[in-house]
Amino acid sequence: MTKQVHLAAHFPGVNNTTVWSDPAAGSHIEFDSFVHFAQTAERGLFDFPFLAEGLRPREHGGEIYDLDVVGRPDTFTVLAALAAVTEHLGLAGTINSTFNEPFEVARQFASLDHLSDGRAAWNVVTSWDEFTGENFRRGGYLPEDQRYVRARRFLETALQLWDSWSDDDIAADRTTGTFLADPAAGAFTRSDEQFDIAGRFPVPRSPQGRPVIFQAGDSEEGREFAAAHADAIFSRHSTLEDGVAFYADVKGRLAAHGRSRDDLLILPAATFVLGDTDAEAAEIAHEVRLAQVSPQTAIVFLEQLWNRDLSGHDPDGPLPDVDPVPGENTVSKGRASVRIHRDPRAVAAQWRQLATAKGLSSRELIIEVTGRQTFVGSPRTVATEINRLVQADASDGFILVPHITPGGLDRFVDDVVPVLQELGVYRDAYPGRTLRENLGLGVAVG
């Protein structure tokens, strides 16, 4: 059976994917950028735009990281505003379970789901970062096992709150315009090792039952968490070999939780570079990579691994001949800016071996190991490759991450989507009203 391709788009943010120096690059803060991005995605019949979470400006060397966005808007505020300027597009946002409380998050997503007529989605993440945690009352470090315990209990509590109203609890009195509900509707009690709350949830069930649940963790705990609870996974496995292995692993866990393979979508993040021909696209891709990893950015990446000041290092020369400083990273602060290396000295040795084998400078090595270009080619080449990976069960579709904001999706929608439609693997119209319907998921039943 031929699978249909699902597409979504990640609004680029705090990373080195965005080519900030490109004249076409726009604001990551002004609402017009979000509107352009979202309406382009909707024109391309995408399932949703995806917003990441930025709770504290990252630091490098004691200063705000050059590639961060200062003044980054609140996720809920942006998604609620986008609900008013889109009609079918899902609205997905990342909200962490470490520094928030379930009642507040459940109420905000339930409200968004009502305001958007059933288009809300929550990417449930944990946060290990004590630096970010300093902004919160619950500041501090949670070991990995405790983070996932809290995340599971957090999501279970949110589901309980959403399900505290049944579909039959509420009936519209169309004469008076009021609502009549069972006196017990919304009542909840939750007591476990993480939460001890009781009361009445104020928001009735939404058009899709409850928001779509995304998960982005890749650890053993994350995969099991997704198999038990998630509707979709934001994966990093975008190549054929890695994608097939991840797809089979996670889908294979579903039966143990009483779920079928169609109950969970796997959507890897993917970048793309388009040209009129494959050769032109390859040339553009090379220039994009040089812009993404400037000499200054290369030094930043080296310092994140070496955990020492390398400002005097020549990015066009060989890798540093000293070993990384072990222990807590004191150079870079903030989760998204620090690449997690469990054994920095071993990674440095691997990098040196690769640089020697290929004759790479420090900057060229960083370009090599931080490769971000999944699909490169003409529109037909890119469409064909996307379809090949989906039909091979390496994914159910992709969450595209353009390197230009906000217009980076424009050519993809104009040139690649028509080819996918021609291939018979992409829709010509939205099939439903809610995000669950458009993702091919059933209405959540409380």
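Strands β5 (residues 91-96) and β6 (residues 120-125) pair in the parallel sense over six bridges in this predicted model, where helices (H or I, at least four residues) and strands (E, at least two) are DSSP runs numbered from the N terminus, and pairing requires at least two DSSP bridges between two strands. Within this pair, Ala92 stands opposite Ala121 of β6. Between β5 and β6 the chain passes through helix α3 (residues 102-115) in a right-handed β-α-β crossover, meaning that the path from the first strand over the helix to the second runs clockwise when the strands point away from the viewer. β5 also pairs in the parallel sense with strand β2 (residues 49-51) over two bridges, and Leu51 has Gly93 of β5 as its bridge partner.

Six of the six residues of β5 are buried, that is, under 20% relative accessible area with a 1.4 Å probe and protein chains only. Leu91, Gly93 and Ile95 point one way, whereas Ala92, Thr94 and Asn96 point the other way.

Trp122 contacts (heavy atoms within 4.5 Å) residues including Gly93, Ile95, Phe109 and Trp162, with residues up to four places away in sequence not counted.

Residues are numbered from 1 along each chain as its sequence is written, and side-chain values use heavy atoms, without hydrogens and water. Local features need pLDDT of at least 70 and side-chain atom pairs count only at pLDDT 80 or more, while totals for chains, interfaces and linings use all residues.

Definitions and conventions:
Buried means under 20% relative accessible area, exposed over 50%, partly exposed in between (1.4 Å probe, protein chains only).
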